[in-house]
Amino acid sequence: MSSFRADGGAITAYVVPIAWTPAGAVIGEQWESVRITLSGIVDWADRTFAPEDERSFIAPVRDIELLARIEWSAPAPQELDEEAVLNLDDLPEDVAEAFAHAPGPILQCAVCRRLCVRDEFVWKERQLCAWDYHSQVFGKRGPWREEPYEDHHFETLSSCAYVAPQLLAELGVEVALALDAPREETARRLVNALLEEERSRPHLAVRVGGDGIRVLREQSGS
């Protein structure tokens, strides 16, 4: 909220989406506005941000009542950052850290409907969250290989924003080789050298962050 001065008996609240990702929280670029009565602000907050929701939080009621009593008001920010938040210390640590980074385009995962960042994880033309992408692409049914890649295979490698070690561990997968912005010829040679040496273990190469490559392999005993 940016103003507690009632207009027509109501004030405006902005609802901002937050995507919880393995890389941290990301604040959405697009907000929704809601008109609520000033006298009903605490009840509205309790209904909207349920106490049983572990990701739910509101500012202390005494602070809300104080701001309402003095009719505090400030221009609505064009973009949320640390300087735009009056009560940054009241926010959960991971949410507060998100304000230090630029907002992102938020949408729903095509599988689980979890909020995620657009274009970070796309598989078969569907926008996915990190969890569903990892389970589908890096799971048992993913494009694993026990043979070196041919040139045309490198042209169609899976691509994503990053790989999450904690999600890989849940799948029994580990990073065997990490290459950041290598020359393409060098990358192909190193990837195939690893696959040639470890033919008995399934591997999977994926492009990350646009110019990096990670080679994954099944953990021993998986």
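The legends below describe close-up views of a predicted model. In this predicted model, local features need pLDDT of at least 70 and side-chain atom pairs count only at pLDDT 80 or more, while totals for chains, interfaces and linings use all residues. Residues are numbered from 1 along each chain as its sequence is written, and side-chain values use heavy atoms, with hydrogens and water left out.

**View 1. Salt bridge between Glu-155 and Arg-188.** A salt bridge is a side-chain nitrogen of Lys or Arg within 4 Å of a carboxyl oxygen of Asp or Glu; the count by this rule is 13. In the pair shown, the closest N and O atoms of Glu-155 and Arg-188 are 2.6 Å apart. Glu-155 sits in the loop between α5 (151-154) and β9 (158-160) and Arg-188 in helix α7 (residues 184-197), so the contact ties together parts that are 33 residues apart in sequence. Helices (H or I, at least four residues) and strands (E, at least two) are DSSP runs, numbered from the N terminus. Glu-155 is exposed, at 59% relative accessibility, whereas Arg-188 is buried, at 16%. For these words, buried means under 20% relative accessible area, exposed over 50%, and partly exposed in between (1.4 Å probe, protein chains only).

**View 2. Salt bridge between Glu-184 and Arg-188, and the network around it.** The closest N and O atoms of Glu-184 and Arg-188 are 2.9 Å apart. These two residues are four apart in helix α7, so about one helical turn separates them. Glu-184 is partly exposed, with a relative accessible area of 31%. A network of salt bridges links Asp-151, Glu-155, Glu-184, Arg-188 and Arg-207.

**View 3. Salt bridge between Arg-217 and Glu-174.** The N to O distance in this pair is 2.8 Å. Arg-217 belongs to strand β12 (residues 212-218) and Glu-174 to strand β10 (residues 173-180), so the pair joins parts that are 43 residues apart in sequence. Arg-217 is buried at 17% relative accessibility, and Glu-174 is partly exposed at 24%.

**View 4. Nonpolar surface patch of Phe-49, Ile-58 and Val-61.** Together the three residues have about 200 Å² of accessible area. Patches are made of residues with over 30% relative accessible area and no salt bridge; like charges are joined within 9 Å, and nonpolar side chains (Val, Leu, Ile, Met, Phe, Trp, Tyr) within 5 Å. Accessible areas come from the Shrake-Rupley method with a 1.4 Å probe, and for residues only the protein chains shown count as cover. Phe-49 lies in the loop between α1 (41-48) and α2 (61-69) and is partly exposed, at 31% relative accessibility.

**View 5. The largest pocket.** Its space amounts to about 1,400 Å³. Among the 43 lining residues, Met-1, Tyr-14, Phe-57, Asn-87 and Leu-91 are the closest to the centre of the pocket. On a 1 Å grid over the protein atoms alone, a pocket is an open set of points with protein on both sides within 12 Å along at least five of seven lines, a cavity is a set where a 1.4 Å probe fits but cannot get out, and lining residues have an atom within 4 Å of a point. Grid points are joined across faces, edges and corners, and a volume is the space filled by probe spheres set on the points. At least two lining residues come from each of β1 (10-15), β2 (18-21), α1 and α2. The lining of this pocket comprises 34 nonpolar, four polar and five charged residues. Here Ala, Val, Leu, Ile, Met, Phe, Trp, Tyr, Cys and Pro count as nonpolar, Asp, Glu, Lys and Arg as charged, and the others, Gly among them, as polar.

**View 6. The largest cavity.** The structure holds one cavity of 30 Å³ or more, and the space in the largest cavity is about 40 Å³. Of its 13 lining residues, Thr-21, Cys-116, Glu-120, Cys-129 and Ala-130 are the closest to the centre. β2, β6 (115-117) and α4 (130-137) each supply at least two residues of this lining, and β6 gives the most, with three. By class, the lining of the cavity has 11 nonpolar residues, one polar and one charged.

**View 7. Positive phi at Glu-71 and Glu-125.** Glu-71, a residue other than glycine, has a phi near 55 degrees. Glu-71 is in the loop between α2 and α3 (93-98) and is partly exposed, with a relative accessible area of 44%. Phi of Glu-125 is about 65 degrees, also positive although the residue is not a glycine. Glu-125 is in the loop between β7 (122-123) and β8 (126-127) and is exposed, with a relative accessible area of 80%.
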